[in-house]
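Please have the sequence and the 3D view open as you read.

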Amino acid sequence: MSSQRPAPAAPPAGRTLSAKEKYLPSIISVGSVLVVVLVVRQAVVSAEQWPRIKAQFFSLDAMIEVFPKVLQGFGINMTVWAIALVVIALWALILAIFRSLTGPWFAPLRVFTVVYIDLLRGLPSLLMVLLFGFGIPALQIPGLPRSSLFWGATAMVLTYSAYAAEVYRSGMEAVHDGQRAAAKALGLSQWQTLRYSIVPQAIRNVIPSLLNLAVALQKDVALLSVIGVRDAVREAQIYTARTFNYSPLIAAAVLFLAATIPMARLTDYVARKDRERRLQRTA
Amino acid sequence: MERVTVDRVTKYYGDKLVLDDVSLAIQEHEVVCLIGASGSGKSTLLRCITDLVDFDAGRISLDGVSIFDNSFGRNGLHKRIGIVFQAYNLFPHMKVLDNITLAPRKVHGVAKAESEQKAGELLRLFGLEGYADSYPEQLSGGQQQRVAVVRALATNPEVLLLDEVTAALDPELIGEVLKIIKDLKDQGMTMLIVTHEMGFARDVGDRVCFLEGGRILEEAPPNQLFSAPEHPRTRQFLQRIIEAGRL
């Protein structure tokens, strides 16, 4: 019976891709990138100055010799980074809440926050690190820590908190007005409205932006090297000053990239998920 | 007995007069519907009654006591007058159950177990059984609006204000929300309803007020207002509604 039926119609022409159409674009992409890389490499390697550059910047021996110390220093960078992140996340949230409070009694807190944010966003981080890292230990006030590392890290925290507070604030302002009306109509106080409605939604809104700040801070912790903290950059510099070989700085650079690139990818991923979530909600 | 009394209330938004010497009284168990074009001041009146916005002159009272009286305490007024909004305004990051129990627990000090039991009963009553652990965005518009009604009822308010609660809904979802409002009327709830659903206002209202330019131009039982409006502006408004096929 089936043999009497006409054969099913072929799928409409033009809808199937030939092997050539399927793979050719990828092959061209990979091939062209390879060619460019090879040409650039050849140009660099064949340059007259290349042996000198290689010895100064890419000396494997120098890198291996100094690597344990640079790695140890990098540990300090990442420890400072991790602790600072937590403190910034909390302190900036407190600042943002101060700034959002309404009512005449909270005016001093609002003024404090506005001045704080203006000052710390307006000053170079380097200046703050120098001022705190050298200045405060030099006062020798009893009871206060005298570690440059501590005060340098504090300067970073204070500076970044100003930015993060503005990020939180934008997130709080993005929460729809209806949420405040609903909370008030239910009898929630100003504080309860923030605690249960506005802040949880704001945090969700700003996580991608906060992660961007976290990536920036991950590199900026290297500023601590200028106040004598023996971080990755400082360790590399010490070797460089002794031998006039810059390879340890390249080693430190590789370590920073190994940390910042995955972090940046994570940020992109979270931002994409966040965008999808919002699109889904409005759909 | 008069539950809510609005006495010569005037309100400006900047230079714009939105409520012009409005007076209105709502009796116990009475359902009053406010109709009128957008911008006529209907929603603003509801917001004044729940103290969501200030007004510039006049007096609003509940059982004869000004809504600003200290005897209400910090949350007393909001416990006794509930409001439901056009855009539901549910908390999107909280489950349905937490949306409903938030105010009883955090504002009125009801124990968690007790408030959740009560919320469960209300959800069952309004056909929302099984949605306690859902998030608002997982629900249809009609379901979300019913959750918003349940949330407003969770503190046992004596008066319920409804602000265009069906205006954001797809036509086929409007019925389910209107039905629960009728149920509430049958249970004797005192309500002030802002609506664009004229058929519904006629059906459920004991009295209908037509607002224009921040004034109540006409106030009558629904049959009288819809079939024999006295004020020419009311006639004109209803004529436009009929032409649009909405009555």
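1. Glu230(B) sits in the loop between helix 8 (222-227) and helix 9 (232-243) of chain B; helices are DSSP runs of H or I, at least four residues long, numbered from the N terminus.

2. A word on conventions. This is a predicted model, in which local features need pLDDT of at least 70 and side-chain atom pairs count only at pLDDT 80 or more, while totals for chains, interfaces and linings use all residues. Residues are numbered from 1 along each chain as its sequence is written, and chains are lettered from A and ligands numbered from 1 in the order in which they are written.

3. Now for the core. The largest nonpolar core has 76 residues, and Leu34(B), Ile49(B), Val150(B), Leu161(B), Leu162(B) and Leu192(B) touch the most other members (such a core is a set of buried Ala, Val, Leu, Ile, Met, Phe, Trp, Tyr and Cys residues joined through C-beta atoms within 7 Å). Helix 5 (residues 141-153) of chain B gives the most to this core, six residues.

4. Finally, the two chains meet: 16 residues of chain A are in contact with 17 residues of chain B (contact means C-beta atoms, placed from the backbone, within 7 Å). On chain A, helix 7 (177-185) and helix 8 (190-220) each supply at least two residues of the side that touches chain B.

Technical notes
Buried ≥ 20, exposed ≤ 12 C-beta atoms within 10 Å, placed from the backbone.
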